[in-house]
Amino acid sequence: MIPRLTIDLFLATADSRQSLAGLARHGALARCTLRGHDGGLAAAATHYAGAPTPQVVVVEDEGGDDLAARLDRLAEVCDPASRVLLIGGVNDIHVYRRLRDRGVSDYLPRPVSAEHVLEAIRALFHDAQAAPRGKTLAVWGARGGVGASTLAQNLAWAAGRHLREPVIYLDLDLAFGTSLLSFNLEAKQTAADALANPERLDEVLLERYLIEYDEHLRVLAAPADPGGGHAPGLDGVERLLDLARRLAALVVLDLPHQWCDWTRHLLTQADELALVATPDLPNLREVKTLRDILEPVRGQAAAARLVLNRVDAYRKTQLTAKDFAANAGLAPALTLPFDPLLFGDAANRGQMLGECAKTHRTAQALAQFAAQITGKAADTGKPAWSVAGVLQWLKA
Ligand SMILES: Nc1ncnc2c1ncn2[C@@H]1O[C@H](COP(=O)(O)OP(=O)(O)OP(=O)(O)O)[C@@H](O)[C@H]1O
Ligand SMILES: [Mg+2]
């Protein structure tokens, strides 16, 4: 079985389209997301000028004597971590070597079959350790009740829509987690079951515990049972996280407001950290304390992203964003107003803000923030300006 991957196919000839038509239904790709596009290298370069690149791009050389230039144009807009498999018409070891030098992961001479492509993808990720791991985002409330879980849930949903890749939301607040209510879901198994016997956990079992919320987002819910289950241990949480990262491009961790070995570990190790606070003195103190603990370990480059939430709930007495930032030594990356009608309505419906109030400014700010966190350019729906795009246009 090929690990979870998003694979784009740009096929330029009818023959290749016909030979690879069955690829999407192939059992070995059951975990992968496959997206087919018409056109070859030039079409791929134009497409990625305005859209995030997936882990694997299978692209066919449409012909012409400027192959190197077309490959360079693709390289300009392609994430360097993406692997490119090129289908072409020349079966020559020298061409193959030159293409490898230009960053092509593998070259498949025509005619190609589904088995050829599968073999090439398998070879890229044959080592379990080489299988791509999704990014992690830990969400932590500076104090209880500041809206950290609401933010984590909305970010997970918005990131899935933005990436169009699998995202997993892990509700690790085993005693008081709200995910079942917020997403209006029912769970047979929860994070408590997954963490009760972590040594038994593998990708297949975890897949069974996850509840599908939509095409992109899956949820490992918390049982919300203050009395039940064991307290999770660091090893179990690490194992759960490693498996989840193999199944998703982004894993969002909703952490309980509880300081212990595993919460501290996740706060220091997560790729991204969103720190949610309301603009008052106790929150300011907690943000400062946490910054002092985490900054030496995470470093400036991985500094927490501060989210000021419920702003203007206490308009006359709250700290201003400027004062908060100056004293906390951290500028807010996102500021969300106190809006009980908007948040209450979404909570009552069991929906995310982007579903029940898509055009609302707060929903759009959350979507933009989610796109920033994924580290992939926002898909504006139309190609962004690029040299490749303009050249393409002039040529046309
Ligand atoms: N900007 C906002 N305006 C109005 N209500 C909000 C806002 N953000 C969150 N809320 C509401 O605040 C309540 C608490 O939110 P949430 O459960 O996400 O907080 P939390 O920080 O995760 O709490 P806990 O410490 O219990 O885990 C929810 O009812 C949520 O809908
Ligand atoms: Mg919470």
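Start by selecting ligand 1: the space that ligand 1 takes is the largest pocket. On a 1 Å grid over the protein atoms alone, a pocket is an open set of points with protein on both sides within 12 Å along at least five of seven lines. A molecule sits in a pocket if more than half of its atoms lie within 2 Å of its grid points.

This is a predicted model, in which local features need pLDDT of at least 70 and side-chain atom pairs count only at pLDDT 80 or more, while totals for chains, interfaces and linings use all residues. Residues are numbered from 1 along each chain as its sequence is written, chains are lettered from A and ligands numbered from 1 in the order in which they are written, and side-chain values use heavy atoms, without hydrogens and water.

**The shell around ligand 1**

Next, select the 15 residues that surround ligand 1; a residue counts as near if one of its heavy atoms lies within 4 Å. The closest are Gly145, Ser149, Thr150, Asn309 and Arg310. Colour the shell by type to see six nonpolar, six polar and three charged residues. Helix H6 (148-163) gives the largest share, three residues. Strand S12 (305-311) and helix H14 (340-349) also give two or more residues each. Helices (H or I, at least four residues) and strands (E, at least two) are DSSP runs, numbered from the N terminus.

**Atoms to pick**

Look for polar contacts, pairs of N or O atoms within 3.5 Å.

- Gly145: a backbone N or O atom is 2.8 Å from an oxygen atom of ligand 1.
- Asn309: an N or O atom of the side chain lies 2.8 Å from a nitrogen atom of ligand 1.
- Asp339: a polar backbone atom is 2.9 Å from a nitrogen atom of ligand 1.

**Away from the ligand**

Select Arg110 and Pro111, which are joined by a cis peptide bond with omega about 0°. Pro111 is in the loop between strand S5 (106-109) and helix H5 (114-124).

Then go to Arg164, in the loop between H6 and strand S7 (167-171). Phi of Arg164 is near 55°, a positive value in a residue other than glycine. Most residues other than glycine have a negative phi, and most peptide bonds are trans.

Terms used. A polar contact is a pair of N or O atoms within 3.5 Å; within protein, one must be able to donate a hydrogen and the other to accept it, and residues adjacent in sequence count only if both atoms are side-chain atoms. On a 1 Å grid over the protein atoms alone, a cavity is a set of points where a 1.4 Å probe fits but cannot get out, and a pocket is an open set with protein on both sides within 12 Å along at least five of seven lines; lining residues have an atom within 4 Å of a point. Ala, Val, Leu, Ile, Met, Phe, Trp, Tyr, Cys and Pro count as nonpolar, Asp, Glu, Lys and Arg as charged, and the others, Gly among them, as polar.
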